[in-house]
Amino acid sequence: MAQLDVRPLIEGRNFGVRISGITREQTADPLVREAVNALFEKHGMIVFSEVEPSGEMHVALSNIFGSLKDHPSKAVARVDQDAMPGVIDMAMKPGDPGDIDVDGVTLASWLPWHFDHAYNNELNRAGVLRAIDIPPEGGLTGFVDGIELYDALSPELREKIEGRNILYRMNVIMANYRFGAPARYHVHSEKPSSDMVMEESAKVPRAVHPAVWTRKSGEKVLHLSPWMAEGIENDETPEGEALLDAVSREIVDLSKDLAYWHHWKPTDMLIWDNWRALHAVSGHPPQYPRRMQRTTIKGDYGLGYFEGGASNDNKILERTY
Ligand SMILES: [Fe+2]
């Protein structure tokens, strides 16, 4: 096996590594695959830089980590499914609805801290992202490690939130975003597909995930998605809401120091552990287009369920978040 060029993503920190120059040929090498998977398991995130900027490479790289999920939802645009199964397309053009004012700045494509598929019982293992159209300003994707968040959370909140389960519902109405929302937050317009998504999600039970879980390797993970959280299971009280809000606010605050924000290049691809990291999108000035593509790696951590023990048939169609 040719030696991989592996460096820490942030000097002195365990979260994330950067691997430069992996080739499509190497993605098929069993020893490379084993080494890359071990790095992913240990560090929770890999930025691949200087890779061939093609859909074929995106799929080849993703396949190192497992099988890909397709997105069955009609509302999710997919790249040519015959040529590129499992690659979904997320494009924002100037003039598209969805602009949000965050702390006095108008942004397109802004997204709060979250993990993907919180609204379902099963959590995909990972997402692999690449950028097709990169705005000249903003458009960064942020990642924060749940292990680092758990360790940094104030002992008082840690004691209160550990052992609690969080209720989630697919809620894409950005004006409804509450827990940990910026102090100055104003939604100009919702996306046109939002009503259809909300109609779909109103019919299904809420999903439940633990706020803190323990990895097989022993680390505890604070894994609470402020976006789409609705409350604490068996504690939908003012006190429960206040606790969820306090933890969400602390996640947002801690992320100011702990998060890694990725500035995209066309030759980058990155993977994050969806059972461990939270991610967010910085947003960008609305006059620029932004287009991203993502694959989703199958899997489940086995700790989520539907409220009241509802069956798996209730699963809502998964989307890009
Ligand atoms: Fe997401």
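How many of the five residues of strand β19 are buried? The legends below start with that strand in this predicted model.

**Figure 1. Strand β19 is mostly covered.** Strand β19 spans residues 277-281, and five of its five residues are buried. Burial holds on both faces. Ala277, His279 and Val281 lie on one side. Leu278 and Ala280 lie on the other. Strand β8 (residues 111-114) pairs with β19 in the antiparallel sense, over two bridges. Strand β10 (residues 141-145) also runs antiparallel to β19, joined to it by five bridges. His114 stands opposite His279. Phe143 stands opposite His279 as well.

**Figure 2. Helix α2 buries one face.** Helix α2 covers residues 30-43, 14 residues in total. From first C-alpha to last, α2 reaches 20 Å, close to the 20 Å expected at 1.5 Å a residue. Which residues of α2 are buried? They are Val36, Phe40 and His43. Viewed down the axis of α2, the buried residues fall within an arc of 90 degrees, so they line one face of the helix. The other side of α2 carries exposed residues: Pro30, Leu31, Glu34, Ala38 and Lys42. Strands contribute to the cover over the buried residues of α2, including β2 (17-20), β3 (45-49) and β18 (269-273). Just after the helix comes Gly44, with a positive phi of about 80 degrees.

**Figure 3. Helix α7 also lines one face with its buried residues.** Helix α7 runs over residues 238-258. Its 21 residues should span 30 Å at 1.5 Å a residue, and the end C-alpha atoms are 29 Å apart, which agrees. Leu244, Val247, Ser248, Glu250, Ile251 and Ser255 are the buried residues of α7. Down the helix axis, these buried residues fall within an arc of 165 degrees, so they line one face of α7. Exposed residues sit on the face turned away: Pro238, Glu239, Ala242, Asp253, Lys256 and Asp257. What covers the buried residues of α7? The cover includes the strands β8, β10 and β16. It also includes the helices α4 (146-152) and α5 (155-161). Two of these elements return from Figure 1: β8 pairs with β19, and β10 is joined to β19.

**Figure 4. Four strands form an open antiparallel sheet.** The order is β16-β11-β13-β21. Which strands stand at the edges? They are β16 (229-232) and β21 (305-306). Each has a single partner strand, so one side of each is left without a neighbour in the sheet. Strand β11 (residues 165-168) pairs with β16 over three bridges, in the antiparallel sense. Tyr168 has Ala229 of β16 as its bridge partner. Strand β13 (residues 207-210) pairs with β11 over four bridges, again antiparallel. Leu167 stands opposite Val208 of β13.

Figure 5. Strand β6 (residues 100-102) and β7 run antiparallel, joined by three bridges. Across this pair, the bridge partner of Asp101 is Thr106 in β7.

**Figure 6. The whole chain, for context.** Seven helices and 21 strands make up the secondary structure elements of the chain. The radius of gyration is 19 Å, close to the 20 Å that the globule rule gives for 321 residues, so the chain is as compact as a globular protein of that length. Along the principal axes, the C-alpha atoms fill a box of roughly 55 × 45 × 40 Å. Of the 321 residues, 40% count as buried. How much of the contact set joins residues 24 or more positions apart? Among contacts with a separation of 6 or more, such pairs account for 83%.

Technical notes. Residues are numbered from 1 along each chain as its sequence is written. This is a predicted model: local features need pLDDT of at least 70, side-chain atom pairs count only at pLDDT 80 or more; totals for chains, interfaces and linings use all residues. Two strands pair if DSSP finds at least two bridges between them. The expected span of a helix is 1.5 Å times one less than its number of residues. A residue is buried if 20 or more other C-beta atoms lie within 10 Å of its own, exposed if 12 or fewer, and partly exposed in between; C-beta atoms are placed from the backbone. The arc is that of the directions from the helix axis to the C-beta atoms. Two residues are in contact if their C-beta atoms, placed from the backbone, lie within 7 Å. The radius of gyration is taken over C-alpha atoms; the globule rule is 2.2 Å times the number of residues to the power 0.38.
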